[in-house]
Amino acid sequence: MSKLFQNYKRSSIEFVKAEGHNLFDNQGKKYLDFSSGIGVTNLGFNQAVLNQVQEQLQQIWHTPNLYQNSLQEEVAQKLIGDRDYLAFFCNSGAESNEAAIKLARKYTGKTDIISFQNSFHGRTYGAMSATGQTKIQAGFEHLLPGFSYAVYNDLASVKELISDKTAAVMLELVQGEGGVVPADVQFVKALSQLCQEKDILLIVDEVQTGIGRTGSLFAFEQYDIEPDIFTLAKGLANGLPIGAMIGKRKLSSAFGYGSHGTTFGGNKLVLSAASCVLDQMAAEGFLSSVQANALYLKEASEQKLGGLTNVSAIRGLGFLLGIQTSKNLDETVQAARDRGLIILTAGQDVIRLLPPITVSPSEIDQALAVLQDVFA
Ligand SMILES: Cc1ncc(COP(=O)(O)O)c(C=O)c1O
């Protein structure tokens, strides 16, 4: 009998080896990975990351945040470039959102955060309170006070919730867990402007959309906005546990000595992986090739699956693609797995594809052949 809490619905197979974009289970069966963990191994099982981490392991893998950490400075520089932001490193997406919520409250001296129905920001109390899904929150009351949930892509509903206590609005640019729903560009631009007019901070949760996933390093670049705070995790260290909260320099007065911290966050091993990930993404032509291949995945999916009676919509941004379907999701995931393809679900009725962003057109063809068979 398992000695683990049964808080995950686990498949009976176990992956024991990985190579590039493929996984191998303990029976030696090979799978094409169109999940990247859950949007984590964005570069697949990458030799350069492996080499870098092995090299760092030989030097030193942990130092406390009481000493200089040039790798944190290096990764912050690669993330921020010429923009006027500062970074804080932690261990996960939820932690990066906790940091964002704490910073927003302390800087503004206000308590309230507006997020969105159907959003997902993580499982800790702050992040869960920001998550607009009762099924995630049920049984864990009391949640943090001060959170309310606007309708996604509806500016009027945000306006209705704004008060003189509003510190920040927090949003995903594609609701990933909530069903792969992209935000409208006009909505996001108007929201950003509204926040500026009302002196409300805009927090963008890029935990799933960031690090090349949507075709740009950060999704907000495609929306032509500059959030006051944005958060990262998942793909940043390609599978090693990391989170980052990036905030405008003007907010730094609220995060002085002793205001916030972490034991493990930003350790050298994880940061060495992040540095290598960001170098690969900055290489000339890398992101344009991601964009081209993601477009190919979308167009080929529309062509091959779009006309099926059990598929009602195909939507997403870059390599975060959702196929809305009337088919049973668990059975669909299982049928794909039986045919050697690993996929995910999102929301109530969406199959979610999160392949490594380095996936090739021929691997996309291979995945779509399986999906055609499964959906037929
Ligand atoms: C948008 C978003 N925010 C936050 C999180 C939470 O990240 P973590 O599981 O690393 O705490 C997730 C995880 O799926 C996410 O998709």
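In this report, buried means under 20% relative accessible area, exposed means over 50%, and partly exposed lies in between, with a 1.4 Å probe and protein chains only. The structure is a predicted model, in which local features need pLDDT of at least 70 and side-chain atom pairs count only at pLDDT 80 or more, while totals for chains, interfaces and linings use all residues. Residues are numbered from 1 along each chain as its sequence is written, and side-chain values use heavy atoms, with hydrogens and water left out.

## Two domains

Let us begin with the overall layout. The protein divides into domain 1 (15-41 + 284-375) and domain 2 (48-282); these bounds come from an automatic or database domain assignment. Taken over C-alpha atoms, the centres of the two domains are separated by 26 Å.

How many residues of domain 1 are in contact with domain 2? There are 27 residues of domain 1 in contact with 27 residues of domain 2, where contact means heavy atoms within 4.5 Å. The area buried between domain 1 and domain 2 is about 2100 Å², and carbon and sulfur atoms give 59% of it. On the domain 1 side, Val 40, Leu 317 and Leu 320 lose the most area to domain 2, together 28% of what that side buries. Buried area here is the accessible area (1.4 Å probe) that two parts lose on being put together, summed over both.

Between domain 1 and domain 2 the count is one salt bridge, a term for a side-chain nitrogen of Lys or Arg within 4 Å of a carboxyl oxygen of Asp or Glu.

## Salt bridges

Searching the whole structure gives 11 salt bridges.

| Pair | N to O distance |
|---|---|
| Glu 177 and Arg 352 | 2.9 Å |
| Lys 78 and Glu 74 | 3.4 Å |
| Lys 250 and Asp 228 | 3.5 Å |
| Arg 339 and Asp 373 | 2.7 Å |

Helices (H or I, at least four residues) and strands (E, at least two) are DSSP runs, numbered from the N terminus. Lys 78 is partly exposed, with a relative accessible area of 29%, and Glu 74 also counts as partly exposed, at 33%.

Next comes the salt bridge between Lys 250 and Asp 228. Lys 250 lies in the loop between strand S12 (243-248) and helix H9 (268-282), and Asp 228 in the loop between strand S10 (201-205) and strand S11 (229-232), so the pair ties together parts that are 22 residues apart in sequence. Is each partner buried or exposed, or something in between? At 47% relative accessibility, Lys 250 is partly exposed, whereas Asp 228, at 10%, is buried.

Arg 339 and Asp 373 also form a salt bridge. Arg 339 is in the loop between helix H11 (329-338) and strand S15 (341-342), and Asp 373 is in helix H12 (residues 361-375), so the pair ties together parts that are 34 residues apart in sequence. Arg 339 is partly exposed at 41% relative accessibility, and Asp 373 is partly exposed at 44%. Elsewhere, salt bridges that share partners join Arg 83, Glu 221, Glu 226 and Lys 248 into one network.

## Backbone details

Most residues other than glycine have a negative phi, and most peptide bonds are trans.

Where in the chain is there a cis peptide bond? One joins Glu 141 and His 142, with omega about 0 degrees. His 142 lies in the loop between H6 and S6.

Asn 153, although not a glycine, has a positive phi of about 65 degrees. Asn 153 is in the loop between S6 and helix H7 (155-161) and is partly exposed at 23% relative accessibility. Asp 199 also has a positive phi, near 60 degrees. Asp 199 is placed in the loop between helix H8 (185-198) and S10, and at 64% relative accessibility Asp 199 counts as exposed.
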